[in-house]
Amino acid sequence: MAEIELAAPAPKSERAKPAELVQLIVFRLGDEDYGIRIEQVKEVTVTPEVARMPKTPPFIKGIANLRGDIIAIIDLEERFRLRPAGRPLPERSYTVAVEAADYTLGLMVREVPRPFTLPLSQIEPAPEFVQDSSTRDKYLEGIAKLPEGGIIIVLDMRKLLTPSEVMRLPGKGASS
Amino acid sequence: MKTRDQEYRELFMAEALEYYDSMSRHLSELERNPDAGPALNELFRLMHNLKANARAMGFTDLGEVAHHLETLFGLIRDHERTFSGPLIRVVFAGVDALGSMIRAVGANQPLPDASALLENLDRLVRGEAPVLDDEETIDTEEESNRKMELSDLVYIQVKKLDNLLNLVGELVIDRDRIMTLAQELDNPALLATAQHLFRISDDLQYSVMDARLVGVGVLLNKFPRVVRDVAAVEDKQVELTMSGQDVQIDRNILQIITDALLHLVRNAVSHGLETTEQRLKAGKSPVGQLTLSALTERDDVLIQVRDDGRGIDTEAVRRKAVERGLTTAKAAATLDEHAVWAFLFEPGFSMAQQVTDISGRGVGLDVVKLALDSLGGQLRVESQLGVGTTFTLVLPTSIAVKGALLVEVDERPYAVPLLHTDTVLALHPGQISVVGGVLVTQFHEQSVPLVPLRQLLYDEGDGPLPLADKNDVNGPQHVLVVNYNNRRLGLVVDRFLRQQNIVIKPLSKPLDTIDLFGGVTLLGSGQVCLVLDVPALTRLFLNKRP
């Protein structure tokens, strides 16, 4: 698993071949569907016991033991401020372990993530209108419009997982 | 345990056999191609190294043969001789002789006589024809039948040992978990197996730790040269005495403290010791004494740098600390020597210029401190004005396993390395008073500030801690007194869990920037437990005290 290199082939050449398929792991944040390319995902698991970590931003839920690796668990709903008021995280949540270049992070999600395959051509680069909606647009690879309606927001983990991004407090430095 | 002699002999053997194999290889290459420059250079170098090693070990005959061959290869390299004719036979005989001599050293036998060979080599060097008889040919054939030998020593990359140690760490964690489960399930067969596993993994752990140990000598032996050089620059007379080179310590720990030790030794020569003139004036012997020693104390290794120089001028440090705003004049006046010396380890605290007595002693001492902190070690200072200074590095023998005290705050366990813990106290409210907004208790006739660990860990923001209120202290308080840089701090916790050995895993990115934690460990229950970094906690408290 660790061998999976996140530096995928240059996206331009991929776009030249319209038939190419992309596999995503899709999960819900707030009331929206988000996806991550499957090659950036290490595993999906029921969230292990999370130990609170002092001196970290609130969206870092803490650290957990994932098969001997100690990883940080992140709540993206809180990070992107997507959590509807009065809807706490359920008792049993799931963790998508994603791999950055040299470490692993856990993204905590409320429902079982599901795999989803779609042609690469369906993912459109992020349009302008989301740019002022929240800080998350910086981390978008694009938006997939599904034939049956609905959209999946595709996140680019490589942008999200740089240590400075992870530790950045929500709202702070969003314009930088 | 092996004596140093034995250890050196084994190292010498391993290297010598390796040299010998390389020599044979390069000779064959040279025989095929007499102009092979690289092979010639290599042979010259190998002879030179073997000569130096053999002479250092006292195997003069071996060194002599290597020396002659080195000279001869030098001549060939400079095109004064060619690798041809009878010279080839003598050289091969020479290398074979080296082989038998090395084997004789390994078997602890007297070295074979090499006078005939040496004479022949001398003749070649002088440009005369060697005297050869037919017997030697037979010898060479015998040699070729005996050459296949493998060294008893294996060189291994430290990286591989690191990996092994990490794996053992994981194993120990799982072992503890299985042990806990077996006790809970109370199945006799499972318990017996778990206990067996316990013993085996214990042995394995110590074997791996043992494989990583080296003599402190490998580092100390580099210092005579350093001391000589610094003393020459400073124009001082210094006599260096070393002891305890046999003391065993983890190789990586030695690596981490290399710079720190270099710093202390350089400082001791250039700033601790006086010039010959000053020493004579002070009624001391003209030659400054510098002692580098290593010893074991319980599970720790102590490395001491002692000089009989001018010592630390405590009052000057006290004044400087006030000047630098590190403390108030009033507070400074009450501090004892050790508390004052602790300022020397503050980043950028330099005594240069202002106080020539100990000039420069502060430069970089914070670096020494940081190196020790990263290991969970300690730095002790003893000094007497005009008599000398001793710096003692207290180091763990191994980085793998550390003793720790587990405490609980808000139903979560935290581990505190024993190296930094002083004592645990159960205090009644009557034993606690409030001084300047800080809870304080008396311990060993010293007032120790108390702070709830919960506040240090979880209070948000950079502002000072809230003023302590005596009315908030209800019932007995569980206090863990920690010690860093001679500063005591009482951490108020919910309860004490137990003492146990832990394997510390470093925090991975992106959380490794939070310096309050030295890492994490997994408890037998599988629970994640943060390991508190006492130096960072102490600094946080000092920054936030109201």
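User: Which helix of chain B is Tyr8(B) found in?
Analyst: Keep in mind that this is a predicted model. Position 8 falls within residues 4-32 of chain B, and that stretch is helix α1. So for Tyr8(B), the element you want is helix α1, though that "so" rests on the helix being a run of residues.

User: Which residues form a nonpolar patch on the surface with Tyr8(B), and what is their accessible area together?
Analyst: Tyr8(B) has two partners in this patch, Leu11(B) and Leu153(B). Taken together, the accessible area of Tyr8(B), Leu11(B) and Leu153(B) is about 240 Å².

User: How much of chain B is buried?
Analyst: Chain B has 546 residues, and its secondary structure comes to 18 helices and 18 strands. It exposes about 27100 Å², with 51% of that from carbon and sulfur atoms. As for the residues that count as buried, their share is 47%.

User: How much area do chain B and chain A bury between them?
Analyst: The contact involves 26 residues from chain B and 21 residues from chain A. On the chain B side, Lys509(B), Pro510(B) and Leu511(B) lose the most area to chain A, together 29% of what that side buries. Carbon and sulfur atoms carry 66% of the area buried between the two chains, and the total is about 2000 Å².

User: Which residues form the salt bridge between chain B and chain A?
Analyst: Side chains of opposite charge can pair when their charged atoms come close. The count between these two chains is one salt bridge, and its closest N and O atoms are 3.3 Å apart. The residues are Glu49(A) and Arg412(B).

User: Why does that pair join two chains?
Analyst: One partner, Glu49(A), lies in the loop between β3 (41-46) and β4 (50-51) of chain A. The other partner, Arg412(B), lies in a strand of chain B, so the pair joins two chains, and that strand is β9.

User: How far apart are the closest N and O atoms of Lys284(B) and Glu274(B)?
Analyst: Lys284(B) is buried, with a relative accessible area of 17%, and Glu274(B) is buried at 7%. Both belong to a network of salt bridges that also links Arg279(B) and Asp308(B). In the salt bridge between Lys284(B) and Glu274(B), the closest N and O atoms are apart by 2.7 Å.

User: How many residues apart in sequence are the parts tied together by Asp410(B) and Arg454(B)?
Analyst: These two form a salt bridge, with the closest N and O atoms 2.9 Å apart. Asp410(B) is partly exposed at 36%, and Arg454(B) is partly exposed at 35%. Asp410(B) lies in the loop between β8 (401-409) and β9, and Arg454(B) in helix α17, so the pair ties together parts whose separation in sequence is 44 residues.

Technical notes:
Residues numbered from 1 in each chain as written. Chains lettered and ligands numbered in written order. Predicted model: local features only at pLDDT ≥ 70, side-chain atom pairs only at ≥ 80, totals over all residues. Heavy atoms only, no water. Patch = residues over 30% accessible without salt bridge, like charges linked within 9 Å, V, L, I, M, F, W, Y side chains within 5 Å. Areas by Shrake-Rupley, 256 points an atom, 1.4 Å probe, with all protein chains shown as cover. Salt bridge = Lys/Arg side-chain N within 4 Å of Asp/Glu carboxyl O. Helix = DSSP H or I, 4+ residues; strand = E, 2+ residues; numbered from the N terminus. Contact = heavy atoms within 4.5 Å. Buried area = accessible area lost by both parts, 1.4 Å probe. Buried < 20%, exposed > 50% of the residue type's maximum accessible area, 1.4 Å probe, protein only.
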